[in-house]
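Please keep the sequence and the three-dimensional view at hand while reading.

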Amino acid sequence: MTKILTTFTAAALMLTSVQAARQNALEKEMEGYARDLFRAHPEAAGDDKPRDAAEKMYKEAQQEKLLELTKADEKKLRKREEMVGGGMYTTALNELKSLNSKDPKITFLIKYAENPKIKADEKLLAYRLMQHHYKTGAEQAARDRSKRLATILTNYTAYKKDHGGKAPASLADLNLPKDCQKFTNSKGEEVDWIYIGHLGPALKTNNTHVVLAEPEPLGDGRVCGLDDGNIVTFKNSQIQPHLEKLAHAKSGQNGGTNENGGNANGGQPVAEGALAGFMKKYKIFKELNNNKEPTSIDDLNLAEEDKKYTDPASGKKIDWIFLGQSSRISAGGDIKVIVVAPMAHNGGRLAGLSDGKVVRIEESQIAPLLNQ
């Protein structure tokens, strides 16, 4: 009996050893990855024990075929050859970051993927996991975005019903839930929706018209809300020029100036009012072009009075100094100075920053940087 038991135990150990030997490089790495994840973030296991959650994650990765390797792939990994191009890897990483997820599974994966000493098998695993998580995360993000858009349209329709068919002048009139008041873009920033409902049927489609649009594309499309309450996705290349034109019309001269030394909203100096108009158009341009920087002032479709700096002393009009995306002048963190007054007034210069703000910078600070 003892001999039989010993033989059985030896056979079981051999079987386990053979099974382990059958694991490819990705399967082995995935086991360690899942174990490390739930050790670092036991809360991510939910109601499961960390060990059970790790096993479940491993099996899900197998089912999704994230761990499959050909013999040629195995050979390359044994030679430590990279199987994911740098551009593809960076794109996958940036896409995952664009979800701005606080899920510990995502944050752990990003940290894992950014390890400067990452090995070939780890890099391939990270790439496949990033693609998988982005796909599922983007689908959920799209569903969440649609829900918020639907809520806005419901309130928009109710407002029109209560006001004799008249559309609200702005979304602020709708008393929206806090999570619907702003759109969260791919960088995690809260920005304004593109609302054109108050312009009436300025952008018609079939038997209705566009009243609301997301301020950045979703892939190759632009998600819009219609006056009849429906949500649709248009091809971005087709609708963006129309949205841009209407957004410019919507902003009108609000940021511009008049000839009496103040802007239309009363009292701002000409130069400051002009720069406010400049930065408004700059912000609109970026929102409509997926955060792309304008290459020149001409891209902004500025009002004539905003195109030049007006010297408060002489009234002389001079071109703004436009630094744009090539600016090397930092205003703190990732914020850059993108446009500067061509001359100082009272010891300082007006400047527009990449976050859309208008500030005054001491001449002693800005002049040396402009001369570099």
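The sections below treat the basis of the model, its cores and helices, its sheet, and a few individual residues.

## Basis of the model

This is a predicted model, in which local features need pLDDT of at least 70 and side-chain atom pairs count only at pLDDT 80 or more, while totals for chains, interfaces and linings use all residues. Residues are numbered from 1 along each chain as its sequence is written, and side-chain values use heavy atoms, with hydrogens and water left out.

Helices (H or I, at least four residues) and strands (E, at least two) are DSSP runs, numbered from the N terminus.

## The nonpolar cores

A nonpolar core is a set of buried Ala, Val, Leu, Ile, Met, Phe, Trp, Tyr and Cys residues joined through side-chain atoms within 4.5 Å. Buried means under 20% relative accessible area, exposed over 50%, and partly exposed in between (1.4 Å probe, protein chains only). The largest such core has 37 residues, and those with the most contacts inside it are Met30, Tyr33, Phe38, Leu67, Tyr89, Leu125 and Met130. Two or more residues of this core come from each of α2, α3 (50–63), α5, α6 and α7. A second, separate core of 17 residues includes Leu149, Tyr156, Ala167 and Val223.

Contact means heavy atoms within 4.5 Å. Apart from residues up to four places away in sequence, Tyr33 touches Met57, Lys105, Phe108, Leu109, Tyr112, Leu125 and Leu129.

Helices α2 and α7 pack with their axes 9 Å apart, at an angle of about 75°. Axes are lines fitted to C-alpha atoms, for helices over the stretch in contact, and angles run from 0 to 180 degrees between N-to-C directions. Angles under 35 degrees count as roughly parallel, over 145 as roughly antiparallel, 65 to 115 as roughly perpendicular and the rest as oblique; α2 and α7 are therefore roughly perpendicular to each other. On the α2 side the contact is made by Ala25, Leu26, Glu29, Met30 and Tyr33, and on the α7 side by Asp121, Glu122, Leu124, Leu125, Arg128 and Leu129.

Helix α6 (residues 104–113) is mostly covered, with seven of its 10 residues buried. These are Pro104, Ile106, Phe108, Leu109, Ile110, Tyr112 and Ala113. The elements covering them include α2 (25–40), α5 (86–97) and α7 (120–162). At the start of α6, a side-chain oxygen of Asp103 comes to within 2.9 Å of the backbone nitrogen of Lys105.

## An antiparallel sheet

Four strands form an open sheet in the order β10-β11-β12-β13, with antiparallel pairing. Its edge strands, β10 (321–322) and β13 (358–362), each pair on one side only. Two strands pair if DSSP finds at least two bridges between them. Strand β12 (residues 348–353) pairs with β13 over five bridges, and Gly352 has Val358 as its bridge partner in β13. Helix α11 (residues 363–370) lies across β10, β11 (337–340), β12 and β13, and runs at about 90° to β13.

Strands β12 and β13 form a hairpin with four residues between them, and Gly356 in the turn has a positive phi of about 95°. Ser354 belongs to the loop between these strands, β12 and β13. Is Ser354 buried or exposed? Its relative accessible area is 19%, so Ser354 is buried. Leaving aside neighbours within four places in sequence, Ser354 is in contact with Tyr282, Lys286, Asp334, Ile335, Lys336 and Ile338.

Thr233 is part of strand β7 (residues 231–235). Thr233 counts as exposed because its relative accessibility is 53%. Not counting residues up to four places away in sequence, Thr233 touches Gly221, Arg222 and Val223. The C-alpha atoms of Thr233 and Leu218 are separated by 8.8 Å, the two residues being 15 residues apart along the chain.

Asn175 lies in the loop between α7 and α8 (178–181). Its relative accessibility is 70%, so Asn175 counts as exposed. The phi of Asn175 is near 50°, a positive value in a residue other than glycine. Asn206 is placed in the loop between β4 (204–205) and β5 (208–213). Asn206 is exposed, with a relative accessible area of 77%, and has a positive phi of about 55° although it is not a glycine.

Terms used. A polar contact is a pair of N or O atoms within 3.5 Å; within protein, one must be able to donate a hydrogen and the other to accept it, and residues adjacent in sequence count only if both atoms are side-chain atoms.
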